[in-house]
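Here's a quick briefing on a two-chain model. Have the viewer open while you read.

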Amino acid sequence: MTESTVVELDSLEKSFRTSTGVVAAVRGVDLSIRAGEIVALLGPNGAGKSTTIDLLLGLTQPDAGTVRLLGRPPHEATAAGAVGVMLQTGSLLRDLSVRELVTMMAALYPAPLGVQEVLQLVGIEPIADRRTQKLSGGETQRVRFALALVSNPPLLVLDEPTVALDVESRHAFWVTMREFAARGTTVLFATHMLEEADAQADRAVLIAEGRVVADAPTNEIKAMAGRRTIRATLPGVPLTGLVLPGVAGADRRGDTVILRCTDADLALRALLDAFPEARGIELEGAGLEQAFLELTRAAA
Amino acid sequence: MKTSTFVRYELIRSVRNRRFLVFTVGFPLVLYFLIATPNRDEHDLGGSGISAPLYFMVGLAALGTMNAVVGGGARITLERVGGWTRQLRLTPLGARVYLGTKVAAAYLSAAFTIVALYAAGISLGVSMSAARWLEMTSLLLVGLLPFAALGIMLGHLIGPEALGPTIGGMSALLGFLGGVWFPLGDGVMHDIAQALPSFWLVQASHVSLGGEGWSATGWLVIGAWTVALSVLAAYAYRRDTARA
């Protein structure tokens, strides 16, 4: 591990016993994040994102593997106040105003930001004197974000931070996050939205069925996940004949050929030129779900 | 890290919760006037040698503070279910400060109950030397220790939906066996009661007789319950925070 590695997950595994048997939520996750990176932990619901984050924070003990945050075990890093966290769900302490709650939590840390500064940064100054139990869902979420930032942490961990927000607040949230991250903070956030990972992170770690299936800069991930697919009924043509412009790979299921495209428009023209007899042509956008399936299959 | 700021806001919170305050202060106060006013001229309640206004003053202060202290700790369950405790675990706040703050907040609401009932008692003619008031108050505060531990234990063991029935039922039973409503006299009931901490809270009223408020048995019973319930509370806390 180098000096600048902020998060280091090594072969993490975690299973849970449920009424229907043992569920392996995390099956060998490796992840290394350097200082200053903004990384998205991207995956569909149930992929193991939240469990990975719980393990990372030391809220859950792994069955196997190790976690190091800033070179220390997670409980030491959090006890030192080095990790700002926004968990997926969580209420606020009631019977206090927003300002009082932020002040109270700031007092727990060795070198917090100024309370006023945080209120302004997150845009909750107008509601600073309101009691926490009287806030809307979006306002509560912003206060929780303020609580994650107030310690001025070198590492920020956000679990699906925008899930409860409308489009406008979502946008405002990311503007604030980037503004804060510009100070050199390392950020890891979980999301199930590709667009969010693409727009906000430098790098995306795709997780599916408890495994990392891809770990790459977000533009590469987007290219992988953004691929479109052409299906056509085309009996008797060997796969080798389907290496066409704009096609990344070809498969056959009976009479149907499936072309994974880097450029679907180009590929479609080339297909019709080469095989005018092709019928039942369908063009599919490979959504994130499909990209996950392909990547998962590739990783298995 | 300024722990005092954290503690201060926890205390402010406990006072701001009106419903909780009304219940822990108002309820015993109303009961006191209902039961003590008709008996205000009774100077030897049930052969105890203690006047009715004093006996019920301490009895209801015991009941009220018991509810305040157990309820204060048990409200941890609400923060736990809401996910707040998980958030706190990711801060530098240590278990000792966290639990200590909860106990302090619970004692603060108990202090309101004590002051309100003393004022009510004085209005019905209770009078003692300052030293006796002080001694009695000290005994009440010490006698509440096992209940503070009990509250924290319940806060980490039971869910919010069980909070009301558990505390209500327990305080009714402990109050009755503690002799809040009338002196228990001699017999089996008295023997059972003597083993319970609530009994000794009410016995703090014995300071008015001039002797010691608690016998050696009293100190032993309170001490034993405090130790036992603190161990259980610490266990419940650890078990609760290790999970998730």
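First, a working definition: two residues are in contact if their C-beta atoms, placed from the backbone, lie within 7 Å. In chain B, 81% of the contacts between residues at least 6 apart in sequence join residues at least 24 apart.

Some housekeeping. This is a predicted model, in which local features need pLDDT of at least 70, side-chain atom pairs count only at pLDDT 80 or more, and totals for chains, interfaces and linings use all residues. Residues are numbered from 1 along each chain as its sequence is written, while chains are lettered from A and ligands numbered from 1 in the order in which they are written.

**Chain A overall**

- Chain A holds ten helices and 13 strands; helices (H or I, at least four residues) and strands (E, at least two) are DSSP runs, numbered from the N terminus.
- The C-alpha trace of chain A spans about 75 × 45 × 40 Å along its principal axes.
- Of the 300 residues in chain A, 44% are buried. A residue is buried if 20 or more other C-beta atoms lie within 10 Å of its own, exposed if 12 or fewer, and partly exposed in between, with C-beta atoms placed from the backbone.
- Chain A splits into domain 1 (5–223) and domain 2 (226–299), with bounds that come from an automatic or database domain assignment.
- Between the C-alpha centres of domain 1 and domain 2 of chain A there are 38 Å.

- Strand 7 (residues 186–191) of chain A is mostly covered, with six of its six residues buried.
- Which residues cover the two faces of strand 7 of chain A? A:Thr186, A:Leu188 and A:Ala190 sit on one side, A:Val187, A:Phe189 and A:Thr191 on the other, and all are buried.
- Strand 3 (residues 38–42) of chain A runs parallel to strand 7 of chain A, joined to it by five bridges; two strands pair if DSSP finds at least two bridges between them.
- Within that pairing, A:Leu42 has A:Thr191 of strand 7 of chain A as its bridge partner.
- Strand 6 (residues 155–159) of chain A also pairs with strand 7 of chain A in the parallel sense, over five bridges.
- Here A:Val157 stands opposite A:Leu188 of strand 7.
- Strand 6, helix 6 (residues 167–181) and strand 7 of chain A form a right-handed β-α-β unit. Right-handed means that, with the strands pointing away from the viewer, the path from the first strand over the helix to the second runs clockwise.

**Residues worth a click in chain A**

- A:Glu160 lies in the loop between strand 6 and helix 6 of chain A, and its phi is near 45°, a positive value in a residue other than glycine.
- A:Glu160 counts as buried because it has 21 C-beta neighbours inside 10 Å.
- A:Asp95, in the loop between strand 5 (83–86) and helix 3 (98–106) of chain A, is a non-glycine residue with a positive phi, near 65°.
- Is A:Asp95 buried or partly exposed? A:Asp95 has 19 C-beta neighbours inside 10 Å, so it counts as partly exposed.
- A:Arg269 is part of helix 9 (residues 264–274) of chain A and is partly exposed because 14 other C-beta atoms lie within 10 Å.

**Chain B**

- Chain B has twelve helices and zero strands.
- The C-alpha atoms of chain B fill a box of roughly 55 × 35 × 35 Å along the principal axes, and 44% of its 244 residues are buried.
- For 244 residues, a compact globule would have a radius of gyration near 18 Å, and chain B agrees with its 18 Å. That radius is taken over C-alpha atoms, and the globule rule is 2.2 Å times the number of residues to the power 0.38.
- Helix 3 (residues 52–74) of chain B has 23 residues and reaches 32 Å from first C-alpha to last, close to the 33 Å expected at 1.5 Å a residue; the expected span is 1.5 Å times one less than the number of residues.
- In helix 3 of chain B, 23 of its 23 residues are buried.

**Where the chains meet**

- The contact takes 24 residues from chain A and 20 residues from chain B.
- On the chain B side, helix 1 (3–16) and helix 5 (84–89) are the elements that give two or more residues.
- Helix 1 of chain B gives the most to that side, with five residues.
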